[in-house]
Amino acid sequence: MVHKTIISFFKENYNSNPLLFKAPGRINLIGEHTDYNEGLVLPASIEKGIYFAVSGNNDDTIRIEAFLTQAEKIEFALNGTHKKFNSFWGNYFKAIIEILISENYPIKGMNCVFGGDIPIGSGLSSSAALCCGFIYALTKISGKEISREDIALIAQKAEHKIGLNCGLMDQYAVLFGKKGNAFFLDCKDLSHSYIPINLNGYSWVLVNSNIKHNLAVDSEYNKRRISCENIVKEVKLLKPEVNSLRDVTLKDLQSVAENSDAIDIKRAKYVIEENERVHQMMKALTEGDAQAVGRILKEGHWAMSTQYEITTPELDALVKIGEDLNGILGSRMMGGGFGGCTINLIETTKLDSSISSLLEAYKKETNIEAEYYHLAIDDGVKVFS
Ligand code: GLA
């Protein structure tokens, strides 16, 4: 177990008993690239996560150490200064510490060892887990706890600083997730509710295409956001009350089509229809209609592939192969895009045979070994005991 290794490493190196926090990764059932358009999303926090073993210190230093992936130890003085570091993860902590300082959050010295089992760059939000878990731990150790809503906003600012103009889905899923439930979030007013996702006789499996993305250094994500904003600007000329694609209808798109870029129109149409798929998914889950759930997953995927253009040939291959296999009801790529995992709904009695056929056919077509993980929905950020 990763967390046990982290605790023993901490004890050996820092001579004290740490507090342990866990921040989960997240999946998303449907609602992709809708969050920054004030739209609807349906993610869930998962068992895979990042663990932080921490204790306060009296030397005005935040000492952070990863020893599993990109092993490095980075020290930040409480004024934010630090020595040069190499690991990409260091940028997230740097950004967070700078934001906390500039917003006058009282932070104290802390020793922190972290590590986990979320595959990086696979669409499971390892960076939101990293940021939210760290902010939670640091503010707790500093004796100044802050609300989960505020943690989400700080974590989002950190992502923006590093270069990804993301919405709030990942941070909210990581912070507010609940075991056994999907998390419905309306990104317009940030109201949320829970919906159990057990479909009797069916299992959820994640398949990692093993094409890794780094959205923060890949501007395609941000370009999508700009397309959406372009359309909002056009519609606003006709309807000044419109502030986001959430307020835009398909009819509005027709009205501005002539003055807009055709690609922007295509992107906006995708977002409007994706919000509708979230409603459909909620209904299908409530009614326990597994066939409908599978159909919506597939529709969502091909919309991302052909309209929003954020999938890869490998992800398309995974979904396509699944469509031809008996037992897989549906699947789709999750997250920002350009790599990562698909989420699959599979008949439990055909689970093993479906997965092995899927992986085999994928290998044959792409020459890549995919991996799979059984999905377990777990709680959001918490003290782990
Ligand atoms: C990334 C971003 C989220 C969201 C998804 C796509 O995970 O961090 O804010 O936009 O992509 O749904």
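Ala, Val, Leu, Ile, Met, Phe, Trp, Tyr, Cys and Pro are counted here as nonpolar, Asp, Glu, Lys and Arg as charged, and the others, Gly among them, as polar. With that sorting in hand, the shell around the ligand in this predicted model can be read as five nonpolar, four polar and four charged residues. The shell numbers 13 residues, and those that come nearest to the ligand are Glu-32, His-33, Asp-35, Asp-170 and Tyr-221. Both parts of the protein take a share in it: domain 1 (2-197) and domain 2 (202-375) each supply at least three residues to the shell.

For Tyr-221, an N or O atom of the side chain is 2.5 Å from a ligand oxygen. Glu-32 places a polar side-chain atom 2.7 Å from an oxygen atom of the ligand, and for Arg-26 the distance between a side-chain N or O atom and a ligand oxygen is 3.1 Å. The protein buries 97% of the 300 Å² that the ligand exposes when taken alone. As for its location, the ligand sits in the largest pocket.

Rolling a probe the size of a water molecule over the atoms shows where empty space is left. One cavity of 30 Å³ or more is found in the structure, and the volume of the largest cavity is about 30 Å³. Its lining is made up of Lys-298, Val-319, Gly-322 and Glu-323, together with Ile-328, Leu-329, Gly-330 and Ser-331.

Technical notes
Residues are numbered from 1 along each chain as its sequence is written. This is a predicted model: local features need pLDDT of at least 70, side-chain atom pairs count only at pLDDT 80 or more; totals for chains, interfaces and linings use all residues. Side-chain values use heavy atoms; hydrogens and water are left out. A residue is near a molecule or strand if one of its heavy atoms lies within 4 Å of it. A polar contact is a pair of N or O atoms within 3.5 Å; within protein, one must be able to donate a hydrogen and the other to accept it, and residues adjacent in sequence count only if both atoms are side-chain atoms. Accessible areas come from the Shrake-Rupley method with a 1.4 Å probe; for residues, only the protein chains shown count as cover. On a 1 Å grid over the protein atoms alone, a cavity is a set of points where a 1.4 Å probe fits but cannot get out, and a pocket is an open set with protein on both sides within 12 Å along at least five of seven lines; lining residues have an atom within 4 Å of a point. A molecule sits in a cavity or pocket if more than half of its atoms lie within 2 Å of its grid points. Domain bounds come from an automatic or database domain assignment. Grid points are joined across faces, edges and corners, and a volume is the space filled by probe spheres set on the points.
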